[in-house]
Amino acid sequence: MNRIFQRLDPRARILTIVAVIAIVASTPPAVLRPFAAYAALAILLVLTSRASGFYLTLRCLAASPFLLLAAGLLALERGAPAGASVLCKGYLAALLLAMLTATTPLSELLWALREMRAPHVLNIILGMMYRYTNLLGEEYARMERARNCRTVRPLGWNRISIYGHQFGNLILRSWDRADRVHAAMLSRGFTGAWPAIAQRRFTARDAAFIVLTAALFLAPRLFVPR
Amino acid sequence: MHIADGIIPNLWCGAAHGVSWTAMYWLGRRIETDEVVRLGMLASASFAISLIHFPLGATSVHLGLYGLAGILAGKRAFPVIFAALLFQTILFQHGGLLSLGLNAANMGTGALLASLLWRSRLGPQTLRAFLCGFIGVLTPALLIALEFSLTGYGKGFWFMAALYLGAASIEGALTVAIVAFLRRARPALLAERA
């Protein structure tokens, strides 16, 4: 059973997760019984991948602050079952999304988005963010170290001006870097879209997996008594 | 504030996806490759900056830079914000796949309003820069509060939106400082693009 999920076409993985999250999220408010079945099926789905349980738990916890706030407010407004329902939906959705990202490298997600006719502008921006966010973060850290070497720590309202100028400087450097990167991309034959790294085919097995998984999750939604 | 999946009804999320994808295609059409690369780098820099927590008294805040995106990228700020939100959803679980459209519509509206304000040439540039940063944060907070009150969550998120007045003021002040720096170092960057 191991790695079944990872052997799917990336488009099938995205569609499966979106379908399952939509089914779980469509459960009526304050209806809690189907969630035990959803949780069992989600764990089964996680077992079909090689995602680490520790990683998935950490990723789910990242969604906690907003979920807890929304669930608390809904519980005050409509009672505890409604709040608990939102909490269950939110954590299950976070778990499934984390599983998708843990098993699908960004390059494959970008390829899948391109094949699903997402605009090139989205694909290119995502690819550049993946490549340059850390690099620009490190560049900012170097700027901060240089400032600390030359000045005392900024205090009071002055810090707004100092941080603002540093942020402006980082934007300026990234703008200049963009021109160099674009020239380099053109020199390597860039035509406006990322080249595909791995060609995959969407087969009948992929379609069957999506339909079967959606049907399994739909069953408790439709047949478990409220 | 990134809305997670399972919180807002699917119908709302579906409608918001429709609006956001349409805006994404419409506002990203006829774009040259050099501009996309600049937007990608702007998105990377903005995201790197948004990860930096800025000490403020006993607590800390971080920036969204939606107003600045509106100033620098004009109408293209929407594709930048859409891509940045998808990136955060995929890599950090901030938000969700179903609620992506809603988050993009909320934050993209703030950026587009900031873009319109910047290009209106009403008032001095410093005041406009402040207001761009301010509405870039406050507009999404108000839209989220509206969406939550319309979907049965009561008035709690209006109080949250009121708390965002402070964050919006800080963002406005920092946007003024960033614009002041860019005006001195590279005024061409602030040229009013459509």
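Q: What makes chain A and chain B count as being in contact, and how many residues take part?
A: This is a predicted model. Two residues are in contact if their C-beta atoms lie within 7 Å. In chain B, 56 residues are in contact with 60 residues of chain A, so by that cut-off the two chains touch.

Q: Which helices of chain B each supply at least two residues of the side that touches chain A?
A: They are α1 (10-27), α2 (33-50), α4 (77-92) and α7 (156-185). The largest share comes from α2(B), with 15 residues.

Q: How many residues on the side of chain B that touches chain A are nonpolar, polar and charged?
A: That side has 40 nonpolar residues. Another 12 are polar and 4 are charged.

Q: How do you know which radius of gyration would agree with a compact globule for chain B?
A: Start from the length. With 194 residues, a compact globule would have a radius of gyration near 16 Å. Chain B has 16 Å, so the value agrees. Along its principal axes, the C-alpha trace of chain B spans about 50 × 45 × 30 Å.

Q: What is the order of the elements in chain B?
A: Chain B has 7 helices and 2 strands. From the N terminus on, they run α-α-β-β-α-α-α-α-α.

Q: Where do the domains of chain A lie?
A: Domain 1 covers 4-104 + 200-223, and domain 2 covers 119-187. Their C-alpha centres lie 36 Å apart.

Definitions and conventions. Residues numbered from 1 in each chain as written. Chains lettered and ligands numbered in written order. Predicted model: local features only at pLDDT ≥ 70, side-chain atom pairs only at ≥ 80, totals over all residues. Helix = DSSP H or I, 4+ residues; strand = E, 2+ residues; numbered from the N terminus. Nonpolar A, V, L, I, M, F, W, Y, C, P; charged D, E, K, R; others polar. Domains from an automatic or database assignment. Rg over C-alpha atoms; globule rule 2.2 N^0.38 Å.
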